[in-house]
Amino acid sequence: MSQKTNDFSKWYIDTIQKADLMDYTPVRGCIAFKPDGYELWEHIQEEMDKRFKETGHRNAYFPMLIPESFFQKEKDHIEGFSPELPWVTEAAGEKLEERLALRPTSETMIGHLYSNWIKSYRDLPVLINQWANVFRWEKKTLPFIRTSEFLWQEGHTAHVDEEDARKETMQMLTIYKEVVEGLLAIPVYDGQKTPLERFAGAVDTFSIEAMMKDGKAVQAGTSHYLGTKFSEAFDIKYLTKDNKHAYVHTTSWGTSTRLIGSVIMVHGDEQGLVLPPKIAPTQVVLIPVGPWKKNHAIMEKLDEIFAALKAKGIRVRLDDSDQSPGYKFNEWELKGVPVRIELGPRDLENNQVLMKARDVEEKVSVPLESIVESIKKELETMQTRLFEKAKAFREKNSHTHINTMEQLNQHIAESEQNGTIPGWILAGWCGDDACEESVKEKTKFTTRNIPFNPPKTKHTCLYCGKEAKHTVWFARAY
């Protein structure tokens with residue numbers, strides 16, 4: 001796979017289309033999820049939902065249409081989202097008295113309803129999550145990564161005080177990191193967003209950031225401490241144990257279907273999709289080879305293996321189509337299926353199958369008597385292997401030696417000249433918004449986050465050279 005950005009974008013589009021994950025629709029920036037694409041989201045959903053419920057959260061659903069007046073109540077929020085809002089202005093042939101926005105996020109609607117639901121300290125905490133679609137009318141779109149309509153989950157919680165709300169904010173960020181690293185095999189850096197990059201209306205925003213194979217960053221999940229900003233705007237008060245009224249402290253947190261795009265961009269190769277076993281719609285494909293149609297024992301054995309794998313909860317497919325074995329191998333490689341099992345007459349005689357993992361070149365012989373255990377072990381091994389490979393790639397392309405704009409410009413120029421990726425830069429930042437904006441303007445590198453555990457501490461600001469208040473990851477991003 002070429003590391004040049006233009007080639008990478010083409011590779012990405014080709015890969016998701018050949019893998020049959022999505023299709024374009026007549027509405028700009030809106031895609032249809034085909035079954036394999038949607039099942040990736042279902043596996044993410046399943047793992048996240050389990051974690052949310054383990055920590056006391058419950059699911060609810062809120063309206064897609066939000067009155068314009070709701071957005072006016074929290075000034076920073078409307079300023080942050082206003083350029084991206086699609087509006088409904090008429091219904092049933094009549095002009096509406098008030099415009100309704102297709103939700104970009106639900107803080108305002110939920111804030112309005114929480115003000116009715118929360119009356120006393122006995123009602124707190126409120127721990128609610130919503131699985132929904134949202135709309136942000138993007139100017140530049142890329143399937144799964146940035147679309148006008150996308151799927152996500154958004155958690156919205158209310159608490160008695162700042163301590164409890166901040167504990168919730170960090171708990172959810174930790175869950176995101178564990179799921180993205182454990183399920184998707186994508187290593188992330190966790191940390192705090194700078195004021196310029198934080199969520200519109202938040203006091204503090206925290207994120208997990210992932211590196212793609214072209215060196216760009218994807219914000220893989222965010223968790224926000226909103227303080228009392230939204231509770232003051234929407235009058236969400238509760239009666240304390242001392243019989244006084246106080247504003248609740250709120251949080252919100254979300255991940256979206258851009259995680260699917262991240263999986264593709266982190267693990268894919270020149271042959272197409274490479275899916276971590278835990279998320280793959282099909283984990284194992286069984287393929288008969290040789291003159292198998294004349295040898296019923298081959299299909300009987302494959303049926304037996306199919307049933308045994310299915311009984312162990314492994315997602316397995318048997319490809320008995322009349323396409324050639326070579327065509328089938330290529331087709332399932334494009335789809336990123338983790339493990340392929342081949343069985344022909346000679347294999348049957350030798351009481352074995354050939355097994356090939358998607359991310360390695362070699363096939364290995366596996367005795368039929370240990371086939372199920374061997375496949376289970378390979379799926380686990382591949383999951384770890386993909387994570388370690390992605391982590392090694394990230395380490396190789398995370399640069400900690402750059403301390404000045406001159407060094408950064410030289411690094412970018414050398415990358416362009418050599419056809420390599422500039423990757424991420426760990427640098428100091430003085431805390432001044434002007435320096436952050438200047439770096440972005442001159443290099444297109446934005447701050448990703450202030451990592452909780454940076455590989456090293458930087459002492460001078462990348463842009464102005466003054467004393468650094470923070471050590472920050474800078475990168476170009478989707």
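Trainee: Which exposed residues does the face of helix 9 turned away from its buried side carry?

Mentor: His296, Glu300 and Ala311. Exposed means over 50% relative accessible area and buried under 20%, with partly exposed in between (1.4 Å probe, protein chains only). Bear in mind that this is a predicted model, where local features need pLDDT of at least 70, side-chain atom pairs count only at pLDDT 80 or more, and totals for chains, interfaces and linings use all residues. Residues are numbered from 1 along each chain as its sequence is written, and side-chain values use heavy atoms, leaving out hydrogens and water.

Trainee: Which residues of helix 9 are buried, and why are they said to be on the same side?

Mentor: Ile298, Met299, Leu302, Ile305 and Leu309 are buried. They cover an arc of only 120° around the axis, so they sit on the same side of helix 9. That arc is taken from the directions from the helix axis to the C-beta atoms.

Trainee: And what makes a nonpolar core?

Mentor: Buried Ala, Val, Leu, Ile, Met, Phe, Trp, Tyr and Cys residues joined through side-chain atoms within 4.5 Å. The largest one here has 48 residues, with Tyr12, Ile44, Phe144, Leu184 and Ile264 making the most contacts inside it. A second, separate core has 24 residues, including Phe62 and Tyr238.

Definitions and conventions. Helices (H or I, at least four residues) and strands (E, at least two) are DSSP runs, numbered from the N terminus.
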